[in-house]
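These are notes for a colleague who is opening this entry for the first time. Please read them with the display alongside, point by point.

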Amino acid sequence: MRHLLRQLLQYYRDAAFAAALFLVFAMFLWSSQSINVMISSGVTARFFPTLICSVGLGLSAIEFSAAFLRGKRARRNAGSSENEADKGARNTAVKSALSVLLIVVYLVLCPPLGFVAASALYLFCQIAVLTPEWKKRWPLYALIAAVVSVVCYVFFCNVFHLMLPSGILPF
């Protein structure tokens, strides 16, 4: 019972944090609209703050809903064994640690390999880590990673005119 109470508190704490983060992003979004635009050609000085705050608003709203639903599900499944809950928590901790490690490896490999190769490798590994064991579809993950990496490279180079590391690839 103590484990269930601790788990419920964690879920509702996550929901409260997501709600607070939503308010912070809303405040920054509102304040970013007062940025003076000196030259309005293409992407202005307001674009990135507005984009980041809008994405943050959406993600914090999703996290709030998900945490709240996890709390409801935990109350409903109160009869399940605590050993399964501990195993799930341990599995989540391992996946989180692997995700952080993958980000560090990506940052180290991006300059020598280049943006496209490092991003494709990172995305493939990240998808593999976060997907449940019984849903592994390796060719699909490789295709998604390659397509997303190339699309991001083309988008950032041609739309935002950013120079990304080319690394081992010729473009």
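1. Phe 48 is a residue of helix α2, which covers residues 47–76, in what is a predicted model. With a relative accessible area of 35%, Phe 48 is partly exposed, because the partly exposed class runs between the buried limit of 20% and the exposed limit of 50%. Phe 48 also belongs to a nonpolar surface patch of about 700 Å², which is made by Val 43, Phe 47, Phe 48, Leu 51, Ile 52, Val 55, Leu 59 and Ile 62.

2. The secondary structure of the protein comes to 5 helices and 0 strands, so that, read from the N terminus on, the order of elements is α-α-α-α-α. Of the 171 residues, 20% count as buried, while the accessible surface comes to about 12,000 Å², with 72% of it belonging to carbon and sulfur atoms. Among the contacts with a separation of 6 or more, 68% are between residues 24 or more positions apart.

3. How many salt bridges does the structure hold? There are 2 salt bridges, and one of them pairs Asp 14 with Arg 70, the closest N and O atoms being 3.9 Å apart. Asp 14 lies in helix α1 (residues 2–32) and Arg 70 in helix α2, so this pair ties together parts that are 56 residues apart in sequence. A careful reader may note that the salt-bridge cut-off is 4 Å, and that the Asp 14 to Arg 70 distance is 3.9 Å.

4. Arg 70 also forms a salt bridge with Glu 63, and here the closest N and O atoms are 3.0 Å apart. Through shared partners, Asp 14, Glu 63 and Arg 70 are joined by salt bridges into one network. Each member can be checked for its accessibility: Asp 14 is partly exposed at 23%, Arg 70 is partly exposed at 25%, and Glu 63 is partly exposed at 32%.

5. In soluble globular proteins, nonpolar side chains tend to be buried together. The largest nonpolar core in this model has 10 residues in all, made up of Leu 102, Tyr 106, Cys 110, Phe 115, Val 116, Ala 118, Tyr 122, Val 129, Tyr 153 and Cys 157. Two or more residues of this core are given by each of α3 (82–113), α4 (115–130) and α5 (138–158), and the largest share, 5 residues, comes from α4. Cys 157, a member of this core, touches Leu 162 and Leu 164 when residues up to four places away in sequence are not counted.

6. Leaving out residues up to four places away in sequence, Gly 114 touches Leu 109, Pro 165, Ser 166 and Gly 167. For Gly 114 and Gly 167, a sequence separation of 53 residues goes with a C-alpha to C-alpha distance of 3.6 Å.

7. A last point concerns the cysteines. A disulfide is a covalent bond between the sulfur atoms of two cysteines. With the requirement that two cysteine sulfur atoms lie within 2.5 Å, the count comes to 0 disulfides. Cys 125 counts as partly exposed at 25% relative accessibility, and Cys 152 is partly exposed too, with a relative accessible area of 29%, whereas Cys 110 and Cys 157 are part of the largest nonpolar core.

How values were computed
Residues numbered from 1 in each chain as written. Predicted model: local features only at pLDDT ≥ 70, side-chain atom pairs only at ≥ 80, totals over all residues. Heavy atoms only, no water. Buried < 20%, exposed > 50% of the residue type's maximum accessible area, 1.4 Å probe, protein only. Patch = residues over 30% accessible without salt bridge, like charges linked within 9 Å, V, L, I, M, F, W, Y side chains within 5 Å. Areas by Shrake-Rupley, 256 points an atom, 1.4 Å probe, with all protein chains shown as cover. Salt bridge = Lys/Arg side-chain N within 4 Å of Asp/Glu carboxyl O. Helix = DSSP H or I, 4+ residues; strand = E, 2+ residues; numbered from the N terminus. Contact = heavy atoms within 4.5 Å. Core = buried A, V, L, I, M, F, W, Y, C linked by side-chain atoms within 4.5 Å.
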